[in-house]
Amino acid sequence: MGPPRLQNEGAQYRPDTGLPEEGIRPIDAHPPAPTDRPDRPDRTDLLALDEEGLARLVAELGQPAFRVRQLRAWLYERGAEAAAQMSDLPAAMRSALTERSRIGRLETRIEQVSTDGTRKRLYRLPDGPLIESVLMPYADGRRTACISTQAGCAMGCRFCATGQMGLVRHLDQGEILEQAWRFHSELARQGERLSNVVLMGMGEPFHNYEASVRAIRRLSSDLGIGQRHITVSTVGLAPAIRRFADEGLQVTLAISLHAATDEERGAMLPINRRWPLAELIAACRDYQQKSGRRLSFEWALIAGENDREQDAIRLAELLRGLSCHVNLIPLNPTRGYTGGPSSDRAAREFVAVLEQRGIPATVRVRRGIDIDAGCGQLRDRVEAMQA
Ligand code: SAH
Ligand code: SF4
């Protein structure tokens, strides 16, 4: 039996437990991929090797350098899931690869598909931690993957399901890349293409800086996703923002703000006490000066908390002079936080105040609300079901 595939289209949730009324229905139409079997944890994961790493492996196997190109084509163009499929490699190389390597380490535990097409996965890492990835299809053809950089998160933001669980461990660059690779390969098999990636799943990318940056580089070099179609979101680690400016990447940097005064932001995001707004915004200005790139700011709209006119006015003041865009996301309610999402009307008024002051802003449509597609929420629900 493979991992359960779950679907709960249009499910109603019981107010007492928050669990779906109908339960989550298994989907058995798709057989599990070979990579869903975590049976070879000791083997080298080919997805964890960048081009240089593959070149070393090919040399160790006594094969000529051009095999690297073939191997990469199998991994990244054809989405091979086993060395045995690599039919144009010599039989000896295929069997050596089968012997000592594996392709991927993530084991799919649960998949949920929303009525809006959003697909959410819960993966188990070889040593046990659970992480989430989401694929969002859009009407204009974009296919966006939202991937995790850590299992859990140390930043403790009050409204965030991941923050509420604390940090389990950092992901390595291969584990970050593989989440996008899974969607990339599956879409390729259907004649579609993964077009965008956002590092906005579980975890704080800049707390796991090297692995996140390496994964970003490989998203473009190995999966062929243009840097302009990659977004990395940070809670606002000011020194890392400055460091990121020196990476020479053309990706979008998003900063999670959510409040425009230190008192309010500190109450929601504990990291604000370490890097208060003045330091954060100074780092943003330096980043912009060095990189020349427009910034995005994230603002979870919480009814009665940060969606008033005065909040929008203060936000506009704070961002004055920056070239930026504000993304407003109605809060996804979580178990550990009492706040709720703003009304559509409050959201529209918030946008109007920002735009009057020259700050472009968009209210993001909440995706996959019937499947808990907010980060950390699927794991939350699984734990609640097991409790
Ligand atoms: N750690 C990074 C990236 C992951 S969180 C960061 O904080 O930016 C991605 C985004 O989801 C952040 O903007 C975060 O503040 C937001 N977020 C977290 N929990 C949320 C919730 N319950 N409702 C709405 N947005 C949420
Ligand atoms: Fe971590 Fe981001 Fe959640 Fe804050 S919002 S706890 S930084 S994942």
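1. How many aromatic pairs does a search of the whole structure find? The search finds 6 aromatic pairs, where rings of Phe, Tyr and Trp (its six-membered ring) pair if their centres lie within 6.5 Å, and planes under 30 degrees apart count as stacked, over 60 as edge-to-face and the rest as tilted. In one of them, the ring centres of Phe206 and Tyr209 are 5.5 Å apart and their planes stand at 50°, so this pair is tilted.

2. A note on the basis of these values: this is a predicted model, in which local features need pLDDT of at least 70 and side-chain atom pairs count only at pLDDT 80 or more, while totals for chains, interfaces and linings use all residues. Residues are numbered from 1 along each chain as its sequence is written, chains are lettered from A and ligands numbered from 1 in the order in which they are written, and side-chain values use heavy atoms, with hydrogens and water left out.

3. Phe206 is buried at a relative accessible area of 6%, and Tyr209 also counts as buried, at 6% relative accessibility (buried means under 20% relative accessible area, exposed over 50%, partly exposed in between, with a 1.4 Å probe and protein chains only). Phe206 also forms a tilted pair with Phe244, with 5.1 Å from centre to centre and 50° between the planes. Because Phe206 lies in the loop between strand S11 (196-199) and helix H6 (209-221), whereas Phe244 belongs to helix H7 (residues 238-245), the pair ties together parts that are 38 residues apart in sequence; helices (H or I, at least four residues) and strands (E, at least two) are DSSP runs, numbered from the N terminus. Together with Tyr209 and Tyr287, Phe206 and Phe244 form one aromatic cluster.

4. Around ligand 1 there are 17 residues, of which Gly203, Ser233, Ser256, His258 and Asn332 come nearest (a residue is near a molecule if one of its heavy atoms lies within 4 Å of it). An oxygen atom of ligand 1 is 2.6 Å from an N or O atom in the side chain of Ser233, and a nitrogen atom of ligand 1 is 3.1 Å from an N or O atom in the side chain of Glu204. A nitrogen atom of the ligand is also 2.9 Å from a polar backbone atom of Gly203.

5. Two arginines deserve a look beside aromatic rings: Arg78 lies over the face of Trp74, 4.0 Å from the ring centre, and Arg142 lies over the face of Tyr138, 4.4 Å from the ring centre (the criterion is NZ of Lys or CZ of Arg within 6 Å of the ring centre and within 35 degrees of the ring normal).

Key
A polar contact is a pair of N or O atoms within 3.5 Å; within protein, one must be able to donate a hydrogen and the other to accept it, and residues adjacent in sequence count only if both atoms are side-chain atoms.
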